[in-house]
Amino acid sequence: MTAADVILSSAIWLAFVILGIAFLMTVWRVIKGPTLADRVVALDMLTGIVIGFIALIAIRTGFTLYIDIAISLGLVGFLATVAFARFILSDGDGGKAPKPDIARALLTPPPGPRRKQAGRRSAGSRPAVRRKAGK
Amino acid sequence: MMDILVAVLTACLILAGAGFALVAAIGLNRLPDIYTRMHAASKAGTVGSGLLLLAVGLHAGDLSIFARAIAGFFFFVLTAPISAHLLAMAAHKVGYRLSSHSTRDELKDYES
């Protein structure tokens with residue numbers, strides 16, 4: 001192993017770590033993003049990061065055929081973004097409708113159903129009906 | 001000696017590309033509204049992947065492979081502004097709001 005190999009392989013490992021962090025942060029924006037357009041932008045960015053990963057693998061393995069794969073992935077990502085832009089134009093609502101916040105739904109534990117029902121129970125036969133429907 | 005020079009240059013390109021991708025991801029998470037997030041993702045992200053492709057071409061040391069890497073780089077540099085512009089126009093036309101920090105919306109004057 002020569003000095004050039006050591007320099008190159010250490011740089012490649014560092015770049016893998018950095019790209020992995022960037023990838024996870026972008027995935028977080030896809031999950032969190034409050035509107036549809038935010039998620040589309042983050043998906044476009046994910047394509048770019050994956051192209052970077054493919055380039056790193058091309059250097060590491062020596063198969064330069066990976067360049068063609070990266071170019072075709074870039075083409076697919078471009079076409080997907082154009083299609084998403086048309087979709088936003090035809091079907092979007094300007095981010096006005098309340099979208100489900102997936103991140104909050106994943107992170108917060110579900111509220112205890114029994115205690116809430118007990119608190120809400122006021123009078124009448126309503127809780128019994130609800131319990132029957134739940135079963 | 002030439003070997004080490006090429007390796008150092010390739011390592012610099014790799015680290016610069018990964019750094020640009022990280023900056024783009026940080027910007028994507030920190031910026032306030034969709035238009036500024038698009039600014040971070042489409043510029044810094046494209047330069048990041050383009051620099052990594054250039055590193056592949058430089059590392060191979062072959063003219064045809066280097067030409068293919070350059071072609072891929074120019075392809076990304078040409079298509080990223082188009083897709084970002086389409087997305088921004090669609091989002092603005094549908095009515096996505098700018099953040100409260102922005103002072104001016106020139107596209108609104110253009111559309112009306």
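**Notebook: chains A and B**

I started with chain A, which has six helices and zero strands; helices (H or I, at least four residues) and strands (E, at least two) are DSSP runs, numbered from the N terminus. This is a predicted model, in which local features need pLDDT of at least 70 and side-chain atom pairs count only at pLDDT 80 or more, while totals for chains, interfaces and linings use all residues. Residues are numbered from 1 along each chain as its sequence is written, chains are lettered from A and ligands numbered from 1 in the order in which they are written, and side-chain values use heavy atoms, with hydrogens and water left out.

**Chain A as a whole**

I looked up burial and found that 33% of the 135 residues in chain A are buried (under 20% relative accessible area; exposed is over 50%, partly exposed in between; 1.4 Å probe, protein chains only). The accessible surface of chain A is about 8,500 Å², and carbon and sulfur atoms hold 68% of that (Shrake-Rupley method, 1.4 Å probe; for residues, only the protein chains shown count as cover).

**The core**

Next I looked up the largest nonpolar core, which has 50 residues. Such a core is a set of buried Ala, Val, Leu, Ile, Met, Phe, Trp, Tyr and Cys residues joined through side-chain atoms within 4.5 Å. A:Leu56, A:Ile88, B:Ile14, B:Ile34 and B:Tyr96 have the most contacts inside this core. Helix 2 of chain A gives the most to the core, with 13 residues.

I then checked B:Ile34. Leaving aside neighbours within four places in sequence, B:Ile34 is in contact (heavy atoms within 4.5 Å) with A:Ala37, A:Asp38, A:Val41, B:Ala91 and B:Tyr96.

B:Ala91 lies in helix 3 of chain B and is buried, at 0% relative accessibility. Not counting residues up to four places away in sequence, B:Ala91 touches A:Ile88, B:Ile34, B:Tyr35 and B:Tyr96.

**One arginine**

Is B:Arg37 buried or exposed? I found B:Arg37 buried, because its relative accessible area is 7%. B:Arg37 sits in helix 2 of chain B. Its side chain reaches the backbone oxygen of B:Leu31 at 3.2 Å. With residues up to four places away in sequence not counted, B:Arg37 touches residues of both chains, including A:Arg29, A:Asp38, B:Gly27 and B:Pro32.

**An exposed leucine**

Last, I looked up A:Leu107, which lies in helix 4 (residues 102-107) of chain A. A:Leu107 is exposed, with a relative accessible area of 62%.

Technical notes: Polar contact = N/O pair within 3.5 Å; in protein donor to acceptor, adjacent residues only side chain to side chain.
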